[in-house]
Amino acid sequence: MSTSTDQGRPDPDAIPSAQSRDGRSLSDRGDTVCVIGAGASGLTAIKNLREHGFGVDCYERETGVGGAWNWRHDRSPVYASTHLISSKPFTQFPDFPMPDSWPDYPHHGQLLSYFERYADHFDLRSHIWFGTEVVRVEPAPGERWDVTTRSTGGYGPERTSRYAAVVIANGHNWSPKLPRYEGLEEFRGEIMHASSYKDPAQLRGKRVLVVGAGNTGCDIAVEAAQQASRCWHSTRRGYWYAPKYVLGRPADQINDALLSLRVPLRVRQWLYHWTMRLTVGNLTRFGLPKPDHRVYETHPIANSQLVYYVGHGGIDPVPDIARFQPYAVELADGREIDPELVIFATGYLPRFEFLDASVFGDSAGTGRPTLWLNAFTPGHPTLAVAGLVQPDSGLFTLSHWQTVLFARLLLARRDRPERAAAFAQRVRDRAGERYAGQVKDSSRHWFEVGHADYLRAVQRALHDLEGK
């Protein structure tokens, strides 16, 4: 292990000098692993790497832990009413349960306190460089990595350190995906992406058009139904709206029970449709478009209130936008509406601006990496991505086991090279493998996984790596 201070920070006097490929001086951190980001996935990466004996330097551009769940952070998409859409047991880290007294779907403020307690319980803060952003990550000799950092905002000199491995955990819900429409530049009303939405006061008394039927778009439409003078909700296609509770239990717990029994997809689809018929009936009766796909072929929308407010006239469902005019919006069915505020809840695209896209096999620069288990990239066995998944349940358990697998891979590279080589071959052979059945091929579903199938795949990978 590399020499470090008691606080987990490198001691400049104890670190040998080296040079990067372009001749820049750098600090060699020996066997230390670099983790980028101190959100949920970054925190569990630090913990699991430390528990497997590795030194860790984590770089976090903000001044606190929590990532997207820390509403104080510039890139946080969290708004005042944000709650979990997966229930507590299927969201928490497997080795750090949330308090029993918390509700089924905790508020974002509770999530932030959970991460802060997690960081303190496992003594993770001493390994985090806060207020430090990663500028570049470049391959170095010996399958190592040169990581260049600087103070957030570009102040101060850059510093380059060489690491044995890198875990990228910078999140994928911070770079807004904005649509293009004819006439959008000439529109005189207010336009914002959902990433800038923070409080219902932004909607009060206005005529609001919400574009997008993801969970965020539906949440904002529900708040607009209560605060705005009028709310239109534009969607390109029909979606399935899942209630948060079924049979008195959180819906994901019922779904997980069916998955644990290995109930076939077609049977689960039939049960879902039967439940919908018993609860809300045919959604087209409310003016919502009929879905053009079977349930579970896109990510279901977890929202118990949207249909309620549509049924009460607070939300007016409308089709896709055809074009913008200076003072109106023309819809695909020929109607015109006159919103004062348009909110694009159109999602996010992953960005790894510090890394050449070709490292992930993304030569076209689309932002979609080619990975195995959504974590490992062919040709770079000491690089992993944590948390780049969109599961049908909570994320934190998946990130935990991803980083456990990576830590054990690094140990195998040292102690069992033949098993590490076999693992690398599987990465090359199976990169791009999906774990979500048949889903729509859109950027919203690039990282879709069924959590049960995904965790079984990770478990098999762990067993193979350890020869079990």
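Predicted model: local features only at pLDDT ≥ 70, side-chain atom pairs only at ≥ 80, totals over all residues.
The protein contains 9 helices and 24 strands. Its radius of gyration is 23 Å, close to the 23 Å that the globule rule gives for 468 residues, so the protein is as compact as a globular protein of that length. The C-alpha trace spans about 70 × 50 × 45 Å along its principal axes. Of the 468 residues, 54% are buried. Among contacts between residues at least 6 apart in sequence, 66% join residues at least 24 apart. The accessible surface comes to about 20800 Å², and carbon and sulfur atoms account for 49% of that area.

Side chains of opposite charge can pair when their charged atoms come close. Across the whole structure, 27 salt bridges were found. One of them joins Arg 75 and Glu 353, with an N to O distance of 3.1 Å. Arg 75 lies in the loop between β4 (56-60) and α2 (108-121), and Glu 353 lies in the loop between β21 (341-344) and β22 (383-385), so this pair ties together parts that are 278 residues apart in sequence. Arg 75 is partly exposed, at 30% relative accessible area, and Glu 353 is also partly exposed, at 47%.

A salt bridge also links Arg 323 to Glu 182, the closest N and O atoms being 3.4 Å apart. Because Arg 323 belongs to strand β18 (residues 321-325) and Glu 182 to the loop between β9 (165-168) and β10 (190-193), the pair ties together parts that are 141 residues apart in sequence. Arg 323 has a relative accessibility of 29% and counts as partly exposed, whereas Glu 182, at 54%, counts as exposed.

Arg 335 and Asp 333 meet through their side chains in a salt bridge of 2.8 Å, N to O. Arg 335 is partly exposed at 37% relative accessibility, and Asp 333 is partly exposed with a relative accessible area of 44%.

Asp 146 is located in strand β7 (residues 144-151). Its relative accessibility is 2%, so Asp 146 counts as buried. The side chain of Asp 146 is joined to that of Arg 162 by a polar contact of 2.6 Å.

On the surface, Trp 270, Trp 274 and Leu 278 form a nonpolar patch, with about 370 Å² of accessible area together. Trp 274 is placed in helix α5 (residues 265-279) and, at 40% relative accessibility, counts as partly exposed.

How values were computed
Residues numbered from 1 in each chain as written. Heavy atoms only, no water. Patch = residues over 30% accessible without salt bridge, like charges linked within 9 Å, V, L, I, M, F, W, Y side chains within 5 Å. Areas by Shrake-Rupley, 256 points an atom, 1.4 Å probe, with all protein chains shown as cover. Salt bridge = Lys/Arg side-chain N within 4 Å of Asp/Glu carboxyl O. Helix = DSSP H or I, 4+ residues; strand = E, 2+ residues; numbered from the N terminus. Buried < 20%, exposed > 50% of the residue type's maximum accessible area, 1.4 Å probe, protein only. Polar contact = N/O pair within 3.5 Å; in protein donor to acceptor, adjacent residues only side chain to side chain. Rg over C-alpha atoms; globule rule 2.2 N^0.38 Å. Contact = heavy atoms within 4.5 Å.
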